[in-house]
Amino acid sequence: MPRAVRFFALAPLLFVVATTSQAQVDPDLYAGLQWREIGPWRGGRSTAVTGVVGRPKEFYAGFTGGGIWKSVDEGENWLNVSDKFLRKSGSVGCIDVSLSNPDIVVAGMGENAPRGNITHGDGVWRSEDAGATWKNIGLQDTQTIGRVRIHPTDPNTIYVAAMGHIYGPHPDRGVYKTTDAGKTWKKILFANDRTGAVDICLEPKNPNVVYATTWEIWRTPFFLNSGGPECRLWKSTNGGDTWTDLSRAPGLPQSGLLGKICIDVSPVDPKQVWATVEHADKGGLYRSNDAGATWTLASGSSAIQQRPWYFYRVIADTKDKETVYVLNVMIHKSTNGGKQFSSLVAGHVDNHDLWIDPSDNKRIISANDGGAAVSIDAGRAWSKQDFPTAQFYHVSADNALLYRLLGCQQDNSSVRISTRVFGGLIDEDAWTSSAGGESGYMVADPLNPDVVFGANYGGYLERQNHALNISRDISAWPEQLTGQGVESIRHRFQWTFPIVFSPHDPRTMYVGSQHVLRSTDYGGSWHSISPDLTTNDKSKQVASGGPITRDNTGVEVYCTVFTIAESPLKRGMIWAGSDDGLVHVTNNAGGSWTNVTPKQMPKNGLCSMVEASPHRVETAFLAVDNHENDDLRPYIFITTDGGKSWSNQTTGIPSDTYVRVVREDPVVVGMLYAGTESGVYVSFNGGANWQSLQTNLPVVPIHDLIIKADDLCAATHGRSFWILDNLVSLRQMIGRKKDQVSLFAPKPANPINFGLGRVVPATTAGRNPQGAMVIDAYFPAAPKSCKLEVVDAAGEVVNTSEPRPTAGFNRWSVTPRYRGVTLTGVRMWGGGPSSIKAPPGNYTVRLTTDEKTLTVPIRWNRDPRFDSTDADLMEQFRFSRQISNRAAEGFLALTSLRRDRDRINRLAKTEEQKAAAKPALDALKAVEDILDQVNAENSQDFLNHPVKLINKLSSLVGVVQSGWYAPTKPSYEVFAMLDADLARVLADYKTASEKLVRPLLVELTK
């Protein structure tokens, strides 16, 4: 007999994990625990695209955080081709395909449009099999690459324009070249440690002629710089061995600082060169007809010069030398050498890259803030942009029964999306825009999930009622501030300022400027409950953008309260962290504040997220993100004494992986989750040690995490929303051994089951979670046999299945149903179910594998969508079984009489015997005609031949089983009638059997 081992379910109490290094878990135990992507499938920012010459349906796109994608059907469908290979960054800055070998693809990492939420990269990646596999070929510390170019005839020769570190000086920038496919690199153009290279192009027919541009681009948390003395245009005629500075060639601006310059050579006429030049007075599109020796201003239109640091690429048409494209908010196209422009929209505004097929100039692909879009008619029509690459700053969940996730998507609107839907896939019908805009927080009213509060930059705050389709601006300081410097702003609201509801009063909400502001009337009025909780450094409160172009969007608003959290255990205990390195706490709802900044706080470190422990009043967790000071190290500060002391606990997180958020598990004390620039980590011992929780989650920035209904929900910045469903087994990992079979205690379950939906690699919709009873088990090796049973409190087996587990973590879904009557051979119209729903109660899950049996208890609850009681459902079950059992009695009688009839017909061979058998056969026929409709050969025959007793009983089971309700009074009345009918016919059958059938059979067998 198999050895039985019993585990006990999690009690509704708190668990305390060990706080030593011993409380770690072998990652193999949970490697099979899979994240679920829910969407939305609405593209985020792309800055890198290319097509493939000679393969007209193939295209590649690189995303800012979302990795590398490929289409083989002209952009109709896209697949990510980099997820299995990228380890540190999914941020793509540029991409190129070899003209001489279209299987060779090279990508430069780190987005080249350096906005405030820029994600750095890790060098250059190369594929030699059309994107099937990838390997890193160096330049890992360049962080940001503006352009990569493959030599047209030698794919081992590659040029890279490296912009370098955006947030600090660094030597790894400039133009690099390899002639051995990345085994070695040579820096062939370098200005200084503040100036990188942004663009590079090769003359198609003479690739020794190389043009490159250098750019002084850098950011601080409070300022954007684009321009400087080393911003220049360069040319080489010997493959980059030596360079000539063309920056002040005749026709170009002769004085004043230059900013971003981009360059392209006409494939039609190599002497014709185009350049976009950022300059205070004479910026615009320049044209040279003598290979860069002299220039003329083709267009100084402001339309093509908006935010030059962000857009401003130039692309020469591949067939017409007078046609040129300049990228900006729109795609600007000129067919007369830049004299006039028309505008194209490739599905979304804000354009960053464009590729034109050298062999067919109607075949193009655009990279913009909505993703990538393909056109095969020179921009008249574009492919859709259904990419799951949205960038979210934060995530929250509403309190709907089937909760939704909410977040603001960069470069788009806010999103409210279902986390599960009935009947398949979470497609575009499952999400909608909501309150707020592209930046910041978005939260639902705790009491009414249809009321949503959403933010946007400039301090904008909106309240929207989805049920009534109405909204209201409830900004705490509704002054229009676009373009205005921070120095004159009364309330400094950051790009992503916090919005937090009190866990003690659902009508109280907080937002952060340099103060903590409170409203108790849903935003109708606001009151400051704190002094300025920042350094209030006036030198950092300046207009952003320069020295050429201002850029005051709200990203660089500085000295602000960036994160707020009220303790769920102590009303009025509020934590506040600033973006310039200060932490304060109040214990009296803002009456007084104490500076509790950690002594180890890096100077001006961004307090990204503070988490008040749900278990211990004096415990809080602080994630500090210091990458905007060119420091990628992780900081997780933990206090257990109300902020008097802090410890930085990041063991296990790589030293170049900064942290944005830490959350504590609401069930297990000291079990922590961290969202970092490259993924998710978990600590099973209060932060003493961290380990990856990535499993199948792509390498992507994690800007926020929440735990909702035992699910871990992630706001990624480049791959939309993901959920790690059902954390109950992960919470039980401590002490488990990977060489032993484990059956994990499941969470209480209910009958809601959504259907997983089809699994299609190129789908444009999210998938549902498993529902009903979710059973998790771990196997060190796949067992030879496996049986999974659900047993009720009386010991009756409710369900039995034989899953085929694999080695590692396995998850199954079981809906417990008792076996009903099987009516084989009965002609049915609208028959009832062959199984009966299990009522609420305590059950046992029993797993038998090879020579071991494991059991765990599970609670089966009623469906929360129904207003029935447990007693109602017990009666539903009892009555359903009663009816089903009576139908079974009728079926057994029917089966028996048909067996008797067949035996009589087989034995009655003579005419005399047949005549003697007729009374018995007539009696059996009379019973059969009451039990079953023998004249119905097809389904529609019932319209002419009415249903009979067994069919009626079975149908009544279906009526009683519909929904989760107590039986209706008419159900009892109908059953009483049918039960009486069955009693009579069974009595008739008994009489016929005793008086006619049995004596006849005795005579026939003599």
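**Notebook: salt bridges, helix packing and one histidine**

I began with Asp710, which forms a salt bridge with Arg731, the closest N and O atoms being 2.7 Å apart. Asp710 sits in the loop between β59 (702-708) and β60 (711-716) and Arg731 in the loop between β61 (721-724) and β62 (742-743), so the pair ties together parts that are 21 residues apart in sequence. I took a salt bridge as a side-chain nitrogen of Lys or Arg within 4 Å of a carboxyl oxygen of Asp or Glu. Helices (H or I, at least four residues) and strands (E, at least two) are DSSP runs, numbered from the N terminus.

The model is predicted: local features need pLDDT of at least 70, side-chain atom pairs count only at pLDDT 80 or more, and totals for chains, interfaces and linings use all residues. Residues are numbered from 1 along each chain as its sequence is written, and side-chain values use heavy atoms, with hydrogens and water left out.

I then looked up burial for Arg731 and found it buried, at a relative accessible area of 9%. Buried means under 20% relative accessible area, exposed over 50%, and partly exposed in between (1.4 Å probe, protein chains only).

**Other salt bridges**

I searched the whole structure and got 55 salt bridges. In helix α1 (residues 870-907), Glu889 and Arg886 are three residues apart, or about one helical turn. Their closest N and O atoms are 2.9 Å apart, and they form a salt bridge. Glu889 is partly exposed at 35% relative accessible area, whereas Arg886 is buried at 14%.

Helix α2 (residues 911-931) holds Asp922 and Lys918, four residues apart and separated by about one helical turn. I noted a salt bridge between their side chains at 2.7 Å, N to O. Asp922 is partly exposed at 40% relative accessibility, and Lys918 is partly exposed at 48%.

I also recorded a network of salt bridges that links Arg55, Glu58, Lys70 and Asp103.

**Helix pairs**

Next I checked how α4 packs. The axes of helix α3 (residues 949-961) and helix α4 (residues 969-1004) come within 10 Å and cross at roughly 155°. That makes α3 roughly antiparallel to α4. Axes are lines fitted to C-alpha atoms, for helices over the stretch in contact, and angles run from 0 to 180 degrees between N-to-C directions. Angles under 35 degrees count as roughly parallel, over 145 as roughly antiparallel, 65 to 115 as roughly perpendicular and the rest as oblique.

I read the crossing of α3 past α4 as left-handed (the near helix is turned anticlockwise from the far one by less than a right angle; clockwise would be right-handed). The residues of this contact divide into ten nonpolar, one polar and two charged. Here Ala, Val, Leu, Ile, Met, Phe, Trp, Tyr, Cys and Pro count as nonpolar, Asp, Glu, Lys and Arg as charged, and the others, Gly among them, as polar.

For α2 and α4, the axes come within 10 Å and cross at roughly 160°. α2 and α4 are therefore roughly antiparallel to each other, and α2 passes α4 in a left-handed crossing. By class, I logged 17 nonpolar, one polar and one charged residues in the contact of α2 with α4.

**His627**

I ended with His627, in the loop between β51 (620-625) and β52 (635-639). His627 is buried, with a relative accessible area of 6%. Leaving aside neighbours within four places in sequence, I found His627 in contact (heavy atoms within 4.5 Å) with Ile118, Tyr167, Leu632, Tyr658 and Arg660.
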